[in-house]
Amino acid sequence: MKSGNSMKLEFEGRSVNEAFARTAVAAFASQLDPTIEELSDIRTAVSEAVTNCIVHGYRDRLGLVYITAGLFSDNRIIIRIRDKGCGIPDIPKAMEPLFTTAPEEERAGLGFAVMQSLMDKVRVLSHEQKGTTVILEKRIRGKEA
């Protein structure tokens, strides 16, 4: 199914840009007339995925974060958040609650669990030394919820 509207963002993987990313995607998603809770869910999931790119994908170097999003006629939003970082060698392990590759930074290892609790679908595609893509999908129920 082709999206009815789409957007693309590209920005440097700096922690200060995480707020920009979640706000931009939330503003785009607002076209579907989500509830405040749905909008908050999207903002938080995007924030977690972008933070993963910055902290885990690029680790100690600066790289670009890419976001695309599409709005669909059945009130779904699909958001793709991608980096060209180190990749994830074991996706099922990385998605386990409390698993982290950055314990020295006191990371809780709950990013994927949070995303899965807030979105309808979360898919992760990754290739070592080529990067990771997180695909977030949510159907906006809006006032019918």
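Reader: Which residue in β3 is the bridge partner of L71?
Author: The partner of L71 is I77, in β3. Please bear in mind that this is a predicted model.

Reader: And how many bridges do strands β2 and β3 share?
Author: Strand β2, residues 64–71, pairs with strand β3, residues 76–83, over seven bridges. The pairing is antiparallel.

Reader: What is the order of the strands in the open sheet?
Author: The five strands run in the order β1-β2-β3-β5-β4, with antiparallel pairing. At the edges are β1 (5–12) and β4 (121–127), each of which pairs on one side only. On average, neighbouring strands are turned by 10° against each other, direction ignored.

Reader: Which strands does helix α1 touch?
Author: Helix α1, residues 17–29, packs on the sheet and touches β1, β2 and β3. The direction of α1 makes about 175° with that of β1. Helix α4 (residues 111–118) also packs on the sheet, where it touches β4 and β5 (131–139). Its direction makes about 25° with that of β5.

Reader: Stepping back, what pattern does the protein follow along the sequence?
Author: The pattern is β-α-α-β-β-α-α-β-β, made up of four helices and five strands.

Reader: What does V46 touch, leaving out residues up to four places away in sequence?
Author: V46 touches A21, R22, V25, I79, I81 and L136.

Reader: Is S47 buried or exposed?
Author: S47 counts as buried, because its relative accessibility is 14% and the limit for buried is under 20%. S47 lies in helix α2 and, leaving aside neighbours within four places in sequence, is in contact with E18 and R22.

Reader: What span should α2 have, and how far apart are its end C-alpha atoms?
Author: At 1.5 Å a residue, the 22 residues of α2 should span 32 Å. The end C-alpha atoms are 30 Å apart, which agrees. After α2 comes R59, which has a positive phi near 45°.

Reader: Finally, how much of the protein is buried?
Author: Of its 145 residues, 48% are buried. The protein exposes about 8000 Å², with carbon and sulfur atoms supplying 50% of that area.

Key
Residues numbered from 1 in each chain as written. Predicted model: local features only at pLDDT ≥ 70, side-chain atom pairs only at ≥ 80, totals over all residues. Heavy atoms only, no water. Contact = heavy atoms within 4.5 Å. Pairing = 2+ DSSP bridges. Helix = DSSP H or I, 4+ residues; strand = E, 2+ residues; numbered from the N terminus. Axes fitted to C-alpha atoms, helices over the stretch in contact; angles between N-to-C directions. Expected span 1.5 Å × (residues − 1). Buried < 20%, exposed > 50% of the residue type's maximum accessible area, 1.4 Å probe, protein only. Areas by Shrake-Rupley, 256 points an atom, 1.4 Å probe, with all protein chains shown as cover.
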